[in-house]
Amino acid sequence: FRKKIKNKMRAFRPVKWEDMHKGKADNTEDNYFIVKVYNAKNEGLRIFIHVEEIGGVKKVCSVRFRSLLR
């Protein structure tokens, strides 16, 4: 899991990060974060990170990448 994310970021080569949104799911205490990431060519990715609390410890349970719409 970590290796795939690391490889994706290494290939994309981000130079700028912007927070888009932080929140909680409507019916749970799970948290999510959405960020925009840009590379030197000004290409963008939208990254959705879902974090769950499991046994009192917060853990990343999913990460999704999408191209930014222009």
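## The overall layout

Starting at the N terminus, the elements follow the order α-β-β-β-β. That gives one helix and four strands. Keep in mind that this is a predicted model.

The protein has 70 residues, and 26% of them are buried. Its exposed surface comes to about 5700 Å², with 51% of that supplied by carbon and sulfur atoms. Looking at contacts with a separation of 6 or more, 27% are between residues 24 or more positions apart.

## How confident is the prediction?

The mean pLDDT of the protein is 85, and 87% of the residues get to 70 or more. Element by element, β2 has the highest mean at 91, while strand β1 (residues 14-24) has the lowest at 83.

## The nonpolar core

Which residues make up the largest nonpolar core? There are six: Met 9, Phe 12, Val 35, Val 37, Leu 45 and Ile 47. Two or more of these residues come from each of α1 (2-12), β2 (31-39) and β3 (44-54). In soluble globular proteins, nonpolar side chains tend to be buried together.

Setting aside residues up to four places away in sequence, Ile 47 touches Met 9, Trp 17, Phe 33, Ile 34, Val 35, Val 37, Val 63, Arg 64 and Phe 65.

Now for the end of the chain. β3 pairs with strand β4 (residues 57-67) in the antiparallel sense, over 10 bridges. Within this pairing, Ile 49 sits opposite Val 63 of β4.

The two strands form a hairpin with two residues between them, and Gly 55 in the turn has a positive phi of about 60°.

Let's compare a couple of spots on one strand. Is Asn 39 buried or exposed? Asn 39 counts as buried because its relative accessibility is 8%, under the 20% cut-off. Phe 33 is at 28%, so it counts as partly exposed.

Phe 33 is in contact with His 21, Lys 22, Ile 47, Phe 48, Ile 49 and Val 51, leaving aside neighbours within four places in sequence. Take Val 51 from that list: it is 18 residues from Phe 33 in sequence, and their C-alpha atoms are 8.2 Å apart. Asn 39, with its neighbours within four places likewise left out, contacts Phe 12, Arg 13, Pro 14 and Val 15. The side chain of Asn 39 also reaches the backbone nitrogen of Lys 41, at 3.0 Å.

## Loops with a positive phi

Arg 13 is found in the loop between α1 and β1. Arg 13 isn't a glycine, yet it has a positive phi of about 60°. With 63% relative accessibility, it counts as exposed. Arg 13 and Asn 39 are 26 residues apart along the chain, but 5.6 Å separates their C-alpha atoms.

Asn 42 has a positive phi as well, of about 65°, and isn't a glycine either. You'll find Asn 42 in the loop between β2 and β3. Its relative accessible area is 46%, so Asn 42 is partly exposed.

Methods. Residues are numbered from 1 along each chain as its sequence is written. This is a predicted model: local features need pLDDT of at least 70, side-chain atom pairs count only at pLDDT 80 or more; totals for chains, interfaces and linings use all residues. Side-chain values use heavy atoms; hydrogens and water are left out. A nonpolar core is a set of buried Ala, Val, Leu, Ile, Met, Phe, Trp, Tyr and Cys residues joined through side-chain atoms within 4.5 Å. Buried means under 20% relative accessible area, exposed over 50%, partly exposed in between (1.4 Å probe, protein chains only). Contact means heavy atoms within 4.5 Å. A polar contact is a pair of N or O atoms within 3.5 Å; within protein, one must be able to donate a hydrogen and the other to accept it, and residues adjacent in sequence count only if both atoms are side-chain atoms. Accessible areas come from the Shrake-Rupley method with a 1.4 Å probe; for residues, only the protein chains shown count as cover. pLDDT is the predictor's confidence in each residue, from 0 to 100. Two strands pair if DSSP finds at least two bridges between them.
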